[in-house]
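Trainee: Could we go through this structure together? I would like to begin with the terms and then turn to the elements.
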Amino acid sequence: MTALVLPDLRWFPSWAATVADFGDEVMHGSGSWNLDRPLEPTEASCKELVDVLAERVSADPDSGRVASTYFWITAGDGDREDEVIGFLNLRHQLNDWLLQEGGHIGYSVRPARRRQGHAKRALALGVRRAGELGIDQVLVTCDTDNVPSARTIESGGGVFEDVRNGKRRYWITPPA
Ligand SMILES: CC(C)(COP(=O)(O)OP(=O)(O)OC[C@H]1O[C@@H](n2cnc3c(N)ncnc32)[C@H](O)[C@@H]1OP(=O)(O)O)[C@@H](O)C(=O)NCCC(=O)NCCS
């Protein structure tokens, strides 16, 4: 139940349904900001994103972006028939902005699949992946008024540090 998969066109139909479901809502963790135009629920847009995200795994000094892995959250075990329901972005390092506000991990679950425990499980998987990268303390942040995200982080063992620039900042220790 709930997996992280690397972006791939094989999951286009449910990815498109997810993008359509978000509508105008920000797709945290999707990497849509790496494209020059808004994401659309089309195969061309999906392909463009898959190609760009594969390239963005490395740091990009020109834009100030750190190395990063983009995952799609799926509802099942991540096999070919699984269904994409959200996004998770794992930043491999913290630059100053990420340390103050952005954190290591950003995520979102499509509206139709919320409150089913997916974010909680996806965050745990993301924290595990961070640990595998050698990150021993994972910073996860949310807006002070984002109750669902704060609950998700606290459920995932987040230890509250402080609020900076309107963001609640938590640290999570990955499993050994
Ligand atoms: C935040 C978000 C990812 C949560 O996704 P989700 O799959 O619904 O979360 P889960 O079902 O795993 O629930 C996790 C916890 O949050 C709580 N929660 C979820 N939605 C909630 C809501 N609307 N109000 C109150 N609590 C809520 C759950 O009860 C659960 O807490 P518990 O373990 O103490 O019971 C989702 O609401 C979302 O995508 N929001 C928009 C994007 C966003 O804010 N991303 C985070 C940016 S840092």
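Mentor: A residue counts as buried if 20 or more other C-beta atoms lie within 10 Å of its own, as exposed if 12 or fewer do, and as partly exposed in between, with C-beta atoms placed from the backbone. Helices (H or I, at least four residues) and strands (E, at least two) are DSSP runs, numbered from the N terminus. This is a predicted model: local features need pLDDT of at least 70, side-chain atom pairs count only at pLDDT 80 or more, and totals for chains, interfaces and linings use all residues. Residues are numbered from 1 along each chain as its sequence is written.

Trainee: How many residues of strand 5 are buried?
Mentor: Strand 5 is mostly covered, with 5 of its 6 residues buried.

Trainee: Which sheet has the order 5-7-6?
Mentor: That is an open sheet of 3 strands with antiparallel pairing; two strands pair if DSSP finds at least two bridges between them. Strand 5 (138-143) and strand 6 (159-164) stand at the edges with a single partner strand each, so one side of each has no neighbour in the sheet. On average, neighbouring strands here are turned by 25° against each other, direction ignored. Axes are lines fitted to C-alpha atoms, for helices over the stretch in contact, and angles run from 0 to 180 degrees between N-to-C directions.

Trainee: How many bridges join strand 5 to strand 7?
Mentor: There are 6 bridges, and the two strands run antiparallel. Leu139 stands opposite Trp171 in strand 7. Strand 6 is joined to strand 7 (residues 167-172) by 5 bridges, also antiparallel, and Val159 has Trp171 as its bridge partner.

Trainee: What lies across strand 5 and strand 7?
Mentor: Helix 5 (residues 147-155) does, running at about 155° to strand 5.

Trainee: And the ligand: which residues are closest?
Mentor: The closest are Arg114, Ala119, Lys120, Pro148 and Arg151, in a shell of 20 residues; a residue belongs to it if its C-beta atom, placed from the backbone, lies within 6 Å of the ligand. Strand 4, helix 4 and helix 5 each give two or more residues to this shell. Helix 5 supplies the largest share, 6 residues.

Trainee: Let us change topic. Which residues of helix 1 are buried?
Mentor: In helix 1 (residues 12-22) they are Trp15, Thr18, Val19 and Phe22. They cover an arc of only 95° around the axis, which puts them on the same side of helix 1; the arc is that of the directions from the helix axis to the C-beta atoms.

Trainee: What do they pack against?
Mentor: The buried residues of helix 1 pack against helix 2 (43-55), strand 2 (68-74) and strand 3 (84-91). Contact requires C-beta atoms, placed from the backbone, within 7 Å. Just after helix 1, Gly23 takes a positive phi of about 60°.

Trainee: Which residues have the most contacts inside the largest nonpolar core?
Mentor: Ile73, Leu88 and Val138 do, in a core of 36 residues. Such a core is a set of buried Ala, Val, Leu, Ile, Met, Phe, Trp, Tyr and Cys residues joined through C-beta atoms within 7 Å.

Key:
Two residues are in contact if their C-beta atoms, placed from the backbone, lie within 7 Å.
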